[in-house]
Amino acid sequence: MTSDATGGPGGEFPDALLSLRDLRVSYPGKGRRAPRARILKGVSLDIRPGETLGLVGESGSGKTTIGRAVLGLAPVESGTVTFAGSRIERAGRARRRALARDLQVVFQDPYTSLNPSLTVGDTLGEPLLGQGAGTKEARARIAELLERVRLPADAAGRLPREFSGGQRQRVAIARALALRPRLVICDEPVSALDLTTQRTVLELLLEIQEETRVAYLFVTHDLGVVRFMSHRVAVIQGGELVETGDAVQVTSEPRHPYTRALMLAAPVADVREQRRRREAAELSARS
Ligand code: ADP
Ligand code: MG
């Protein structure tokens, strides 16, 4: 590790909303004698209230697994997940249901993450009614959420297939926000969208954060996106964090060779910028 994965002198932010400590996830091997597949090899990170931690790394590095472990969807072998002061890595069903108020997720693919047979109104109403809201209260909140993500009010009566990818992702975001969560795990939320739509959805997420102080764990393989969205960035390689720090610092002066390699692999529109990056990387490789 070239920089500490966490904040203070004890390696942690005392005010963190989410803290992972030495988190290990593994799956049983395929054959009977096959060793377990070790996916996360001791991940530690913190996210403070209202903060975005960008999590970047190449495909297969374990980004989605981190999010799934936080949500209780991946087998935690050891280590801890602390959310708002409580340990949740072994939380059972009832606790998970209660946690859903505070901890939500937006997935990559807006075409599979919404139930195709539910209207947008029912999709947004489900979490509200599930947590005990009355019909009238739910209806008012649905209208508020649609406005929040800039969908027309009559969207409530329509089905997902009537919307574009970007609009569906707005529905997924509205659903995640329905219960006013404190943390939303965004797993490649714009990777399936075209570039202009990406930009508007990212701006929407930023605006929502400004207003609600929601924290994001923002998973992406795109360094441009991670820099645009994050306060701090963690870089993952093969199930281990190799570098964590301030977003601008990590993306403009990466310290770890893997982060530098990621930067070089990132497509940049600007040829001069690409050359500058290469020269900077060569310089720092020599020093
Ligand atoms: P990323 O999101 O960074 O692309 P993932 O977290 O999805 O990576 O996957 C990390 C590794 O874990 C991959 O090698 C993947 O094949 C493996 N993996 C993910 N889910 C499972 C599973 N249910 N069983 C076995 N291996 C898995
Ligand atoms: Mg993934």
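How do the residues of the shell around ligand 1 divide into nonpolar, polar and charged?

Analyst: The model under discussion is a predicted one. In the shell around ligand 1, 2 residues are nonpolar, 6 are polar and 2 are charged. The surrounding residues are Tyr27, Ile39, Glu58, Ser59, Gly60, Ser61, Gly62, Lys63, Thr64 and Thr65. With regard to secondary structure, helix α1, which covers residues 63-70, gives the most to this shell, namely 3 residues.

Individual contacts give a more detailed picture. Lys63 places a polar side-chain atom 2.8 Å from an oxygen atom of ligand 1. Thr64 also uses its side chain: one of its N or O atoms is 2.8 Å from an oxygen atom of the ligand. Ser61, by contrast, takes part through its backbone, where a polar atom is 3.2 Å from an oxygen atom of ligand 1. On its own, ligand 1 has 570 Å² of accessible area, and the protein covers 57% of that area.

Two packed helices are described by the angle between their axes and the distance between the axes. Helix α3 (residues 120-130) packs with α5 at an angle of about 20°, and their axes are 8 Å apart. An angle under 35 degrees counts as roughly parallel, so α3 is roughly parallel to α5. The crossing of these two helices, α3 and α5, is right-handed.

Helix α5 (residues 165-177) also has a partner in helix α6 (residues 195-212): their axes come within 10 Å and cross at roughly 15°. Therefore α5 and α6 are likewise roughly parallel to each other. Their crossing, too, is right-handed.

The pair formed by α3 and α4 has its axes 9 Å apart and packs at an angle of about 125°. This angle makes α3 oblique to α4. Here again, α3 passes α4 in a right-handed crossing.

Most residues other than glycine have a negative phi. Arg150, in the loop between α4 (135-148) and α5, has a positive phi, near 60°, and is not a glycine. Arg213 likewise has a positive phi, of about 60°, without being a glycine. This second arginine, Arg213, is found in the loop between α6 and β8 (215-220).

In summary, the shell around ligand 1 draws the most residues from helix α1, and its polar contacts include those of Ser61, Lys63 and Thr64. Among the helix pairs described, α3 with α5 is roughly parallel, as is α5 with α6, whereas α3 with α4 is oblique.

Methods:
Residues numbered from 1 in each chain as written. Chains lettered and ligands numbered in written order. Predicted model: local features only at pLDDT ≥ 70, side-chain atom pairs only at ≥ 80, totals over all residues. Heavy atoms only, no water. Near = heavy atom within 4 Å. Polar contact = N/O pair within 3.5 Å; in protein donor to acceptor, adjacent residues only side chain to side chain. Areas by Shrake-Rupley, 256 points an atom, 1.4 Å probe, with all protein chains shown as cover. Helix = DSSP H or I, 4+ residues; strand = E, 2+ residues; numbered from the N terminus. Nonpolar A, V, L, I, M, F, W, Y, C, P; charged D, E, K, R; others polar. Axes fitted to C-alpha atoms, helices over the stretch in contact; angles between N-to-C directions. Parallel < 35°, antiparallel > 145°, perpendicular 65-115°, else oblique. Left-handed = near helix turned anticlockwise from the far one by under 90°.
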